[in-house]
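Let's take a walk through this structure together. Keep the sequence and the 3D view open as you read.

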Amino acid sequence: MKLRTRLTLAFILVTFLAVVALAMAVGWSTRSFFHGYVNDVNSRRQQVWAEFFTAYYRDRGGWSGVQDLLGTPWHGGRGRGWGPAQGMGQGMGQGPAQGMGSGRLAQERVILADGEGVVVADSYGARLGERVAETELAGGTAINVNGRRVGTMWLATTAPPGVLSQEDEFTRAVTLAIILSGIGVLLLAGLAGLYLARRIARPLSRLTAAVQGLAAGGYKQRLDLTGDYEIARLVAAFNEMAARLEKYEALRRNMVADVAHELRTPLTVLRGQLESLQAGAIEAKPEVIISLHDEILRLTRLVHDLQELSLAEARQLTLHQELLNLVEVIQRVMNFFQVEAEDKNVTLDLDASSESIMVRGDRDRLAQVLINLLGNALRYTPAGGRVGVSARQEGGDVIVAVTDSGAGIDPADLPYVFERFYRPDKSRTRAQGGAGLGLAIAKGFVEAHGGRIWAESHPGRGSKFTFTLPAPPPA
């Protein structure tokens with residue numbers, strides 16, 4: 001089932017349940033309130049009827065003619081006689097039916113029994129002469145005159161067979177109104193659900209098509225930033241993912257090309273030298289053997305670097321950690337580069353906050369990080385420039401920075417300098433022998449120690465590579 005259909009049905013179902021719950025609550029509340037109101041009105045009307053019969057008995061001295069009174073529509077009122085034709089006499093007050101409507105009187109059944117329990121008046125006329133049981137008499141209203149019970153009356157609102165009472169008509173009208181309103185709300189909910197489902201599903205359908213295109217290799221897939229906030233964020237995330245995949249795909253292709261190139265060069269040299277030796281074109285002199293050995297070392301170094309980088313990225317690098325003085329490691333690496341720096345007329349100095357900055361790590365791996373950073377700094381620093389190394393501890397971190405005064409890195413290249421085989425200036429780097437793995441290996445080694453590394457650069461003013469290592473807890 002399509003998402004659009006499911007959303008629409010879910011919206012209608014939720015609305016239906018809400019309407020049913022609301023209808024039940026409103027119906028129950030309305031019936032309870034209305035029944036309470038009707039009972040209160042009946043109680044007051046029964047009291048009025050009781051006063052009416054009391055006055056009638058006191059005036060007539062008996063129940064003679066009372067049935068005739070109930071058989072004629074009442075138009076009672078002060079100053080009128082008994083009954084609608086002859087009035088009720090002085091002092092009666094308001095008649096029982098006054099203010100209640102003729103329709104109600106037509107549906108109202110009044111039963112009056114005399115002091116002996118015999119029905120002497122019935123507005124329906126069905127129980128005249130019937131003796132009423134004591135239990136039924138107990139539920140009526142007593143008619144007392146001069147302290148003596150002269151009768152009992154009941155007031156019922158039961159409608160005749162086939163005729164609905166006003167209470168039933170009111171309840172039916174309310175129920176019908178609720179049902180019609182519920183049907184109307186469901187129709188509106190269906191239309192609203194369909195509109196919202198289409199609004200939600202349309203960008204998802206476009207996104208699905210774009211993802212399928214991306215999976216098929218269309219890394220240039222992009223979507224417009226339209227729709228609601230969540231959809232816009234999803235589309236933005238997709239565009240960012242597509243851009244990264246496009247970038248990584250380009251890096252992957254470049255990596256394959258670089259690996260092939262790095263392998264092809266020494267293999268070509270080896271093949272040419274060996275074929276020349278085999279053909280007798282050259283002699284197996286020591287310099288030829290040294291050249292072949294250098295190419296084999298180059299191949300070995302490249303394979304070793306790729307293996308180390310793969311282990312670091314897979315977090316499977318084996319570290320021989322120990323508590324060591326990082327300043328000593330830095331100084332040893334700087335001594336290694338001192339001759340090269342002097343040959344290039346580059347100043348190499350160290351700025352450490354202390355002679356002893358302790359860290360827990362693998363001495364050889366950390367030395368490799370410093371070699372890669374210092375090697376790059378010296379490579380891109382012109383004669384007369386400066387390469388500095390600083391080390392200090394701040395809080396729980398040991399911070400090491402390698403700064404050079406070289407040409408700097410273009411801002412567009414800066415986010416990718418730690419990618420494997422990434423070289424902003426490929427021709428220059430390849431000419432200088434770099435494979436583009438040094439910074440990637442440094443990043444992998446630092447992260448394997450629980451630290452992080454980043455680069456800052458200002459074109460024309462040099463670059464700064466900083467990495468942190470967790471400081472050991474105090475003893």
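Start with a pair of helices: the axes of α8 (residues 286–313) and α12 (residues 438–448) come within 9 Å and cross at roughly 40°. Axes here are lines fitted to C-alpha atoms, for helices over the stretch in contact, with angles running from 0 to 180 degrees between N-to-C directions. Helices (H or I, at least four residues) and strands (E, at least two) are DSSP runs, numbered from the N terminus. α8 passes α12 in a left-handed crossing, a label used if the near helix is turned anticlockwise from the far one by less than a right angle (right-handed if clockwise). On the α8 side the contact is made by Asp305, Glu308, Leu309 and Ala312, and on the α12 side by Ala440, Ile441, Gly444 and Phe445; contact means heavy atoms within 4.5 Å. Sorted by class, that contact has five nonpolar, one polar and two charged residues. For that sorting, Ala, Val, Leu, Ile, Met, Phe, Trp, Tyr, Cys and Pro count as nonpolar, Asp, Glu, Lys and Arg as charged, and the others, Gly among them, as polar.

Before going on, a word on what you're looking at. This is a predicted model, in which local features need pLDDT of at least 70 and side-chain atom pairs count only at pLDDT 80 or more, while totals for chains, interfaces and linings use all residues. Residues are numbered from 1 along each chain as its sequence is written, and side-chain values use heavy atoms, with hydrogens and water left out.

Now step back to the whole chain. There are twelve helices and eleven strands in the chain. Of its 475 residues, 36% count as buried, where buried means under 20% relative accessible area, exposed over 50%, and partly exposed in between (1.4 Å probe, protein chains only). Take the contacts between residues at least 6 apart in sequence: 64% of them join residues at least 24 apart.

How confident is the prediction, then? The mean pLDDT of the chain is 81, and 86% of its residues reach 70 or more; pLDDT is the predictor's confidence in each residue, from 0 to 100. Over residues 72–95 pLDDT stays under 50, and the model has 48 contacts beyond four places in sequence for them. Residues 97–105 also stay under 50, with 17 such contacts. Where pLDDT is low, the predicted coordinates should not be read in detail.

Next come the charged pairs. Side chains of opposite charge can pair when their charged atoms come close. A search of the whole structure finds 16 salt bridges, each a side-chain nitrogen of Lys or Arg within 4 Å of a carboxyl oxygen of Asp or Glu. In one of them, arginine 222 meets glutamate 246 at 2.7 Å, N to O. Arginine 222 sits in the loop between α6 (166–215) and α7 (229–279) and glutamate 246 in helix α7, so the pair ties together parts that are 24 residues apart in sequence. Arginine 222 is partly exposed at 36% relative accessibility, and glutamate 246 is partly exposed at 24%.

Another pair is arginine 127 and glutamate 130, whose closest N and O atoms are 3.0 Å apart. Arginine 127 is buried at 15% relative accessible area, whereas glutamate 130 counts as partly exposed at 34%. Glutamate 394 and arginine 392 form a salt bridge too, at 2.6 Å between the closest N and O atoms. Glutamate 394 is partly exposed, at 42%, and so is arginine 392, at 33%. Salt bridges that share partners also join Arg127, Glu130 and Glu136 into one network.

Where do positions separated in sequence sit in space? Asparagine 42 belongs to helix α1 (residues 3–60) and is buried at 14% relative accessibility. Asparagine 42 is 66 residues from glutamate 108 in sequence and 9.7 Å from it in space, C-alpha to C-alpha. Leucine 194, in helix α6, is 188 residues from arginine 6 in sequence, with 9.8 Å between their C-alpha atoms.

Finally, look at two loops. Most residues other than glycine have a negative phi. Asparagine 146 has a positive phi, near 55°; it lies in the loop between β3 (141–145) and β4 (148–156) and is exposed at 76%. Asparagine 345 has a phi near 60°, in the loop between α9 (326–343) and β6 (347–352), and counts as exposed at 52%.
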